[in-house]
Amino acid sequence: MWFIGKVIFMSKTQNALLIVLAFFAIYVIWGSTYLMNKIAVHELPPFMLASVRFSVAGILIFILCKIMGIPLTITKKQLLNSIVAGFLFLAFGNGFVVWALKYVDSGFAALEIAAQPLVILLLMRILEGKKIQTMSVVGVIIGILGIYLLVSQNQVISQENSVLGMVMIFFCMVSWAYGSLFVAKADLPKNYFVNTGFQMFTAGIILMVGSLLIGETWTLPTTWSSPVQYAMLFLIVLGSIVAFTAFNYLLKVVSPEKVATSTYVNPIIALLLGWFFLDEQITTQSTIAAIVLLTGVYFINTRKKLVLFSRFSSRYSPKED
């Protein structure tokens, strides 16, 4: 009995440690990707940067699947849907965010993207006719006020091409929101690791084609500065693989409401890192806007079924593997 109790205690301790590490990943690592993208985009063309990140991450995921014995076989329909999802989420939804980081601060971009649940909710209303619950309506109103406070600052608007960057980030959020609705009904690989691998790899190829078409200059990693090399390594290994795996792990072992707290923490991490490492300014209005916007997101996420996680439905969990 003592031995059994010790085994149970050790198992619970290990699980608790894994949960803590997983939360660290979705809080700090994901919040840090804005800083890393900002560092890298100062030196590398944006679509090349995103292409290398996702294509290499996709290949590494395929290798891990082979090592773990997870089959990579998918149907033609699943491949097509993976390409569409990869375009909506990563090629457009993330690639153009990297492009916009040339013109807006990393912390500002993270705050604007925190309004993602608001965009998903409105798109569900427009495209699917779903009724918005009272708490969510309050959240939408507060969220719109927070966005207005964020983007109306003279310090932001006066920067060259900053408005263009803000508009592009908004379209990226629309792309991500539509992608969330698309994957909720699409036939995709049931194993989320395989699903992610195909989305990342195909998005990387799409971004590569786009990069070459617009004439971006590609360079070898050996010619990059050390900060950019480290940033890219961080984005590929930690930002694309570790944090995503942690996110899906948490969705299986804790409540979605707890996982949703990353929505509030990521922008704060991004703001602080941008201020500390890149001397990005945190104004009083930005602070107020962040509080108002994240309060709106909180009201939206109090719905029983969180629209924020429609992309990561349990139907894609590898229960049968």
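Tutor: Helices (H or I, at least four residues) and strands (E, at least two) are DSSP runs, numbered from the N terminus. This is a predicted model, in which local features need pLDDT of at least 70, side-chain atom pairs count only at pLDDT 80 or more, and totals for chains, interfaces and linings use all residues. Residues are numbered from 1 along each chain as its sequence is written, and side-chain values use heavy atoms, with hydrogens and water left out.

Student: What percentage of the 321 residues count as buried?

Tutor: Buried means under 20% relative accessible area, exposed over 50%, and partly exposed in between (1.4 Å probe, protein chains only). Among the 321 residues of the chain, the buried share is 51%.

Student: Is Ser55 buried or exposed?

Tutor: Start with its place: Ser55 sits in helix H2, residues 46-68. Beyond residues up to four places away in sequence, Ser55 touches Met200, Phe201 and Gly204, where a contact means heavy atoms within 4.5 Å. Because its relative accessible area is 10%, Ser55 is buried.

Student: Which residue has its backbone oxygen 3.5 Å from a polar atom of the side chain of Ser55?

Tutor: Ser55 belongs to helix H2, so let's look at its side chain. A polar atom there lies 3.5 Å from the backbone oxygen of Val52.

Student: Which helix gives the largest share of the lining of the second largest pocket?

Tutor: A pocket is an open set of points on a 1 Å grid over the protein atoms alone, where a 1.4 Å probe fits, with protein on both sides within 12 Å along at least five of seven lines; lining residues have an atom within 4 Å of a point. This pocket has 16 lining residues, and those nearest its centre are Asp105, Phe108, Val156, Gln281 and Ser286. Helices H5 (106-113) and H8 (154-157) each supply at least two lining residues. The largest share, three residues, comes from H5.

Student: How far apart in space are Pro227 and Ala40, C-alpha to C-alpha?

Tutor: Pro227 lies in helix H11, residues 226-253, and is partly exposed, with a relative accessible area of 47%. In sequence, Pro227 and Ala40 are 187 residues apart, yet from C-alpha to C-alpha the distance in space is 7.7 Å.

Methods:
A polar contact is a pair of N or O atoms within 3.5 Å; within protein, one must be able to donate a hydrogen and the other to accept it, and residues adjacent in sequence count only if both atoms are side-chain atoms.
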